[in-house]
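The structure is shown first, and the notes follow by topic.

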Amino acid sequence: MKLKILSRNSNLYSTRRLIEVAKKRNHEVEIIDPIKCDLVIEKRKPSIFYKGRFIEGADAVIPRIGASVTFYGTAVVRQFEMMGVFTTTESQALVRSRDKLRSLQVLSRARLGLPKTVFTNYSKDVREVIEHVGGAPLIIKLLEGTQGLGVVLAETTNAAESVIEAFNGLQARVIVQEFIKEAGGADIRAFVVDGHVVGAMKRQGKEGEFRSNLHRGGSAEIIELSDEEENAAIKAAKAMSLGVAGVDMLQSARGPLILEVNSSPGLEGIEAATGKDIAKTIIRYIERNV
């Protein structure tokens, strides 16, 4: 097959692993920087012009679109779809996953467990917002934040009020979430491919850090999910219409609570923690569908 990987950096671990596995399985692979594509839109023949030529004969595309280029990256994925090319992440699912508020609404509609969350239009009733999620301590998240950036733990009501008012003053949209104390600064990342959990790890924040992101110095170890956790991960990926997804959840007294569903989950942490060849699973998913 002719595979195209949409990535801005061919040296990234995830991109390198996908290239390595695809070539090992005798596929032709090309890395395409999505922001350098020109989209030619016409009635009968939508096409993509890249580095002086038209992209032709592609069988499948693997989007590895960073949050900073979501808008244009999604347009490129949509153009491939219009050209009849299979994609591991559909354009609509990509857009949906990058909108934190919309994602939570979709997951809520699918009756999945979530931390209690409040979103307001720069409400002046800050104390009321805090009470809606059960009071302090609580989590305040920027809607556009990624990899743990723009996430604040407010330990007291006064601190929560100050942070929310500061964000409101900056016209920065935030969501306010209850703090799940029993999670102990840890979360679970379940990697879902084609409706199956193919690997899972528990990520623990470093000492004194409530965020468990590996980018922030957290550690990861393999974990065996309970049936309830596995079902929640599969259901969340399905609700978001994602063929490949990283489902982040917290272990709580009332069962698994979904934090986020990532449409471009990194492979490095999950492969290191589980020892599994997740890249191969993704390539085999494409082989089954093309």
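The largest nonpolar core has 26 residues, and those with the most contacts inside it are Leu107, Leu112, Ala236, Val247, Ile258 and Val261. A nonpolar core here is a set of buried Ala, Val, Leu, Ile, Met, Phe, Trp, Tyr and Cys residues joined through side-chain atoms within 4.5 Å. Buried means under 20% relative accessible area, exposed over 50%, and partly exposed in between, with a 1.4 Å probe and protein chains only. The model is predicted: local features need pLDDT of at least 70 and side-chain atom pairs count only at pLDDT 80 or more, while totals for chains, interfaces and linings use all residues. Residues are numbered from 1 along each chain as its sequence is written, and side-chain values use heavy atoms, with hydrogens and water left out.

**Nonpolar cores**

- Helices (H or I, at least four residues) and strands (E, at least two) are DSSP runs, numbered from the N terminus.
- H7 gives the most to this core, with four residues.
- A second, separate core of 23 residues includes Ile62, Ile282, Tyr285 and Ile286.
- Leaving out residues up to four places away in sequence, isoleucine 258 touches Leu107, Leu112, Gly113, Leu114, Pro115, Ala232, Ala236, Val247, Asp248 and Met249. Contact means heavy atoms within 4.5 Å.

**Five-stranded sheet**

- An open sheet of five strands has the order S14-S13-S12-S15-S16, with antiparallel pairing. Two strands pair if DSSP finds at least two bridges between them.
- Strand S14 (219–222) and S16 are the edge strands, each pairing on one side only.
- On average, neighbouring strands of this sheet are turned by 30° against each other, direction ignored. Axes are lines fitted to C-alpha atoms, for helices over the stretch in contact, and angles run from 0 to 180 degrees between N-to-C directions.
- Seven bridges join S15 and S16 in the antiparallel sense; leucine 250 stands opposite leucine 257 in S16.

- Strand S9 (residues 138–142) runs antiparallel to S10 and is joined to S10 by four bridges. Lysine 141 has valine 151 in S10 as its bridge partner.

- Strand S3 (residues 37–40) and strand S4 (residues 47–50) pair in the antiparallel sense over four bridges, and valine 40 stands opposite serine 47 in S4.
- Six residues lie between S3 and S4 in the hairpin that they form.
- S4 also pairs with strand S5 (residues 53–54), antiparallel and over two bridges. The bridge partner of tyrosine 50 in S5 is arginine 53.
- The hairpin of S4 and S5 has two residues between the strands, and lysine 51 there takes a positive phi near 50°.

- Helix H1 (residues 13–24) has 12 residues and reaches 16 Å from its first C-alpha to its last, close to the 16 Å expected at 1.5 Å a residue. The expected span is 1.5 Å times one less than the number of residues in the helix.
- Ser14, Thr15, Arg17, Leu18, Ile19, Val21 and Ala22 are the buried residues of H1. They pack against strand S1 (2–6), strand S2 (28–32), strand S6 (60–63), helix H8 (268–274) and helix H9 (278–289).
- Asparagine 26 follows H1 and has a positive phi, near 65°.
- The axes of helix H3 (residues 91–98) and H4 come within 5 Å and cross at roughly 105°. H3 is therefore roughly perpendicular to H4. Angles under 35 degrees count as roughly parallel, over 145 as roughly antiparallel, 65 to 115 as roughly perpendicular and the rest as oblique.
- Gln92, Val95, Arg96, Ser97 and Arg98 in H3 meet Lys100, Arg102, Ser103 and Val106 in H4.

**Serine 68**

- Serine 68 lies in the loop between S6 and helix H2 (70–82).
- Serine 68 counts as exposed because its relative accessibility is 73%.
- Serine 68 and glutamate 144 are 76 residues apart along the chain, and their C-alpha atoms are separated by 9.6 Å.
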